Amino acid sequence: MADVEIFAQERGLTHLLPELKKGALVAQDSSCHNHLDIFSDEDKRILTEEVTHRWRQTPTLYYMVVMSSLAAAVQGMDEAVINGAQILYPTQFGIGDPNSKRDSWLVGLINSAPYLCCATISCWMTHPLNHYLGRKKTIFITCMISFLTCIWSGLTNTWWHLFIARFFLGFGIGPKSATVPVYTAECSPAPIRGALVMMWQMWTAFGIALGDLIDLVFYFIPDTPGVTGLNWRLMLGSAGIPGLIVCMQVLFAPESPRWLISKGRYEDAFNELCRLRFSRVQAARDLYYIHVLLEAENEMKQGRNRVVEMFTIPRNRHAALASWVVMFGQQFCGVNVIAYYSSNIFLASGFSQVSALASSLGFGALNWLFALPAVFTIDTYGRRNLLLFTFPCMAICLLITGFSFWSTSETGRVAGVSIGIYLFAIFYSPGEGPVPFTYSAEAFPLYIRDIGMSFATATTWFWNFVLSITWPSLILAFKPQGAFGWYAAWCCILWVLILLFVRETKGKTLEELDQVFAIPLGTHAAYGLRQIPYGIKKFVLFQNPVPELLYQPESDSEVSSTGGDEKARKEVKDDVDRTVV
């Protein structure tokens, strides 16, 4: 236990030495509590239930989960309320001519303003905000920005003023989208960490549904003397209320233990872990784990240009390419065309304004409900397999939606558009909905993960901006049939890109992920092409072909491009092993 005693002395934790020794033993052997007398009966019970009853957690942890889920809902509402408001405010601002190219571009510019901010400025502020302020303060600031800018949006009287207000909303959306999942992961115990991080996408979808509901409810609010457009103003302003609730919640939430340790605040980190875990032994174990991993991470960063290495080292470049494909695909599969413009789409198909808003609520509800199974399917069927299955289905749904506009029967047109959009939501939610953020978070090696995630989130917000600004003009130029056909074609292109360049990460350890992404690009692309005849034999001809296993364990020399990571992980293992000396 010599290393533990040194660690306790260096960090001013000698008064915690008994708990640290127990924690080090559990870190080295997770089952040692069953046969060592140093552990009390209470310690044994808690450490056993950690595995057998993994959802039995402390009230503080579930308080953090509720807060993070509401923060995700804020994100969804910020994105969704513009859907209903845009059938009302353009006319008041003099940009409501559906046949005007200028008006179409201006409506698209206003709708896309937050995502322009995210892609160009706010996503790149995530690292400095988290570094200097911590997770809690970053969440507080971004949610407060969301609250204030939503209220601001409801008080505007010109299109350019609304554009400015929504642009500043991007400062609340961008850093929050990267911070909350990280905060959740850093506070959660390992057995349920993946499921809790997945809730970000699920509750974002819930926020979109809630935003659609608010649009429908406030549509019926009449104007009052001196206030024109009270209904759309309430739609935009109400999206800030949950953000204000999160601001109040976060004051009582724990700070990320990992961030506290990175600042040398070990005593505070231990106290926060005690709030998040049932026993001090669990807290001591996780404290030591985090310390060792951070020491390894800091060593990896020394003397290295991480931005350059993300693209020059093959293993990192392959991860960046795969993350780019799935993040780009999340936008160009066409989902946010529906999320942001479904009310206009339903109006064009023959719905009344009220029916269009109600139908948009149906899309939001399906998007949320079918995100629930993703918590289980993403680790059952794999990220790549889910994408390969759902993208062709989404393409068919978009074609059904677009081609329905050729129907001369209003009933047939309305039915076709509704069926196409609703089926699209069903296929999107368990596939391209949750996969991109999960995939990007695990694809990059530890020492460039923060930069990699900034690159990934900036990618999705940039293409979100492109999609949302161009849709009004696209539908004016190509008509609905051509516009939906455009994104159906992109679904087919993305299916090919996923087949060739996106590697499977399900159930892989860090070492195995290094091997997966070290496979040469040409080798993996050829493997993807060979899967086409395999898929035809298995799923069309119902034969039983032998699957090709590409991701085989390799020697360290074959993945030497990740030598820095290998060295760090060996040091982590050595440090943990020495705790029982």
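Visitor: Is Arg383 buried or exposed, and what is its relative accessible area?

Guide: Keep in mind that this is a predicted model. Arg383 is buried. Its relative accessible area is 5%, and the cut-off for buried is under 20%.

Now look for its partner. Arg383 forms a salt bridge with Glu442. The closest N and O atoms of the two are 2.8 Å apart. Arg383 belongs to helix H20 (residues 383-403), while Glu442 belongs to helix H22 (residues 435-443), so this pair ties together parts that lie 59 residues apart in sequence. Glu442 counts as buried too, at 17% relative accessibility.

Stay in this stretch of the chain and find helix H21, residues 410-428. Its 19 residues should span 27 Å, at 1.5 Å a residue. The C-alpha atoms at its ends are 27 Å apart, which agrees. The buried residues of H21 include Arg413, Val414, Val417, Ile421, Phe424 and Tyr428. Gly416, Ser418, Gly420 and Ala425 are also buried. An α-helix has 3.6 residues a turn, so residues three or four places apart point the same way.

Next, move to Asn316. This residue sits in helix H16, which covers residues 314-332. Asn316 counts as buried, with 2% relative accessibility. What does Asn316 touch, leaving aside neighbours within four places in sequence? Its contacts are Glu309, Met310, Phe444, Pro445, Tyr447 and Ile448.

Aromatic rings come next. One aromatic cluster contains Trp324, Phe328 and Phe332. The cluster also takes in Phe462, Trp463, Trp471, Phe484, Trp486, Tyr487 and Trp490. Across the protein, the count comes to 34 aromatic pairs. Take Phe167 and Phe168 as one example: their ring centres are 6.2 Å apart and their planes meet at 80 degrees, so the pair is edge-to-face. Phe167 counts as buried at 17% relative accessibility. Phe168 counts as partly exposed at 39%. Phe168 also pairs with Phe171: here the centres are 5.7 Å apart and the planes are at 40 degrees, so this pair is tilted. Phe168 and Phe171 are 3 residues apart in helix H8 (residues 159-187), a separation of about one helical turn. Phe171 is buried, with a relative accessible area of 18%.

The whole structure holds 17 salt bridges. One of them joins Lys21 to Glu5, with the closest N and O atoms 3.3 Å apart. Lys21 is in helix H2 (residues 17-28) and Glu5 is in helix H1 (residues 2-10), so the pair ties together parts that are 16 residues apart in sequence. Lys21 is partly exposed, with a relative accessible area of 23%. Glu5 is partly exposed as well, at 33%.

Another salt bridge stays within one helix. Glu49 pairs with Arg45, and their closest N and O atoms are 3.0 Å apart. Both lie in helix H3 (residues 41-52), 4 residues apart, or about one helical turn. Glu49 counts as buried at 18% relative accessibility. Arg45 counts as partly exposed at 38%. These two residues also have further partners. Glu42, Arg45, Glu49 and Arg56 are linked in a network of salt bridges.

Finally, step back to the whole protein. Its secondary structure comes to 26 helices and 0 strands. The radius of gyration is 25 Å, close to the 25 Å given by the globule rule for 581 residues, so the protein is as compact as a globular protein of that length. The C-alpha trace spans about 80 × 65 × 45 Å along its principal axes. Buried residues make up 57% of the 581 residues, and Arg383 is one of the buried residues.

Last comes the surface. The accessible surface is about 23300 Å², and 66% of that belongs to carbon and sulfur atoms.

How values were computed:
Residues numbered from 1 in each chain as written. Predicted model: local features only at pLDDT ≥ 70, side-chain atom pairs only at ≥ 80, totals over all residues. Heavy atoms only, no water. Helix = DSSP H or I, 4+ residues; strand = E, 2+ residues; numbered from the N terminus. Expected span 1.5 Å × (residues − 1). Buried < 20%, exposed > 50% of the residue type's maximum accessible area, 1.4 Å probe, protein only. Salt bridge = Lys/Arg side-chain N within 4 Å of Asp/Glu carboxyl O. Rg over C-alpha atoms; globule rule 2.2 N^0.38 Å. Areas by Shrake-Rupley, 256 points an atom, 1.4 Å probe, with all protein chains shown as cover. Phe/Tyr/Trp six-rings, centres within 6.5 Å; stacked < 30°, edge-to-face > 60°. Contact = heavy atoms within 4.5 Å.
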